[in-house]
Amino acid sequence: MNDSQAATTQQSTVEEWTKALAESTGSPGGGAGTGVMLSIAASLTSMVAGYTEAGEDQHEKLSGIHARARELREDALQLADDDSSASNAFGAAFRLDPGPERDDAIHQASVDAAKASAVLGERAIHAIEDLGWLASHGNPALIADVVVGFGALRAAISGARTNVSFDLASLTSAGTALEEVKEQHPELWSTVSRLGDALDRIDDLTAGVDKKAAPTEAL
C-alpha cells in the first residue's frame with residue numbers, strides 16, 4: 001500500500017492499518033476502531049465455538065453461533081471501513097467556510113456518522129448473548145478467550161455509544177437545541193440508551209466467569 005491509498009481493513013496489513021490509525025487524519029479513527037474491536041470479538045467467538053463439542057440437543061445452537069460469528073467478523077470490518085468514510089465527510093464538513101452550506105454539511109455528516117456507529121453498535125448488541133452462551137457452555141479450557149472476547153465486545157459497544165451520542169450533539173453546532181435533536185432523531189437517541197444497557201449486560205456476564213478465567217485473583 002502506498003501513501004496515496006486509503007488504509008482499509010480489507011486491503012491493509014495490521015501494521016499498515018494501525019499506522020494509519022496513529023496518524024492525525026481521523027480516518028480511520030475511533031469509530032473504525034470500534035469496528036475492528038467488534039471483528040476481534042466475533043473472531044474469538046468463532047474460535048471458541050469451533051473448539052466446543054455440543055451434544056445433540058445443543059448442536060443446532062452451537063452451529064448457529066459459529067455461523068453468525070464468522071459472518072460478523074467480515075461484516076464488522078466492512079463497517080469499520082464505512083465509518084472511515086463517514087469520518088472523512090464529517091471532517092470535511094467542519095473545514096468548510098462558515099455559512100449555510102457548512103451548516104447543512106455538518107448536519108448531514110453528523111447524522112450519517114451517527115447512523116454508521118448505530119449500525120455497528122446494534123450488531124455488537126446482537127453478539128452478546130452468543131458469547132454469553134459460550135461462557136456457560138463452551139469449552140472450559142477457552143474461558144480466558146471468552147473473557148477477552150467480552151473485553152473486545154465491550155470496547156466496540158462503548159465506542160459506538162460514545163460516537164452516536166457525540167455525533168448527535170454535533171448537530172447543535174448549527175444552532176439546533178439538544179432537545180430538538182432528540183425529537184428529530186428519536187431512534188438514534190434511544191440507541192445510546194440501548195448501548196448503555198448492553199454495557200451493563202456484558203459486565204454482568206464477565207463478572208460471572210471472572211473466577212474461572214482469572215483464578216489467582218481469588219487467593
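Visitor: Leaving aside its neighbours within four places in sequence, which residues is L134 in contact with?
Guide: Keep in mind that this is a predicted model. Beyond those neighbours within four places in sequence, L134 is in contact with T45, V48, A49, T52, L62, I65 and V146.

Visitor: And in the largest nonpolar core, which residues touch the most other members?
Guide: L134 is one of them, along with L38, I128, V146, F150, L153 and I157. That core has 35 residues.

Visitor: Which helices each supply at least two residues of it?
Guide: Those are α2 (30–51), α3 (59–94), α4 (100–137), α5 (143–170) and α7 (186–213).

Visitor: What does the second core include?
Guide: It is separate and has nine residues, among them V111, A118, V164 and L168.

Visitor: Switching topic: how do α3 and α4 pack?
Guide: Their axes are 9 Å apart, at an angle of about 165°. An angle over 145 degrees counts as roughly antiparallel, so that is how α3 runs relative to α4. The crossing of α3 past α4 is left-handed.

Visitor: What kinds of residues make up that contact?
Guide: There are 19 nonpolar, two polar and seven charged residues in the contact of α3 with α4.

Visitor: One more: where is H185, and is it buried or exposed?
Guide: H185 lies in the loop between α6 (178–184) and α7. It counts as buried because its relative accessibility is 14%, and the cut-off for buried is under 20%.

Visitor: What is H185 in contact with, leaving aside its neighbours within four places in sequence?
Guide: H107, V111, L168 and L171. Of these, V111 and L168 are also in the second core.

Note on methods
Residues are numbered from 1 along each chain as its sequence is written. This is a predicted model: local features need pLDDT of at least 70, side-chain atom pairs count only at pLDDT 80 or more; totals for chains, interfaces and linings use all residues. Side-chain values use heavy atoms; hydrogens and water are left out. A nonpolar core is a set of buried Ala, Val, Leu, Ile, Met, Phe, Trp, Tyr and Cys residues joined through side-chain atoms within 4.5 Å. Buried means under 20% relative accessible area, exposed over 50%, partly exposed in between (1.4 Å probe, protein chains only). Helices (H or I, at least four residues) and strands (E, at least two) are DSSP runs, numbered from the N terminus. Contact means heavy atoms within 4.5 Å. Axes are lines fitted to C-alpha atoms, for helices over the stretch in contact, and angles run from 0 to 180 degrees between N-to-C directions. Angles under 35 degrees count as roughly parallel, over 145 as roughly antiparallel, 65 to 115 as roughly perpendicular and the rest as oblique. A crossing is left-handed if the near helix is turned anticlockwise from the far one by less than a right angle, and right-handed if clockwise. Ala, Val, Leu, Ile, Met, Phe, Trp, Tyr, Cys and Pro count as nonpolar, Asp, Glu, Lys and Arg as charged, and the others, Gly among them, as polar.
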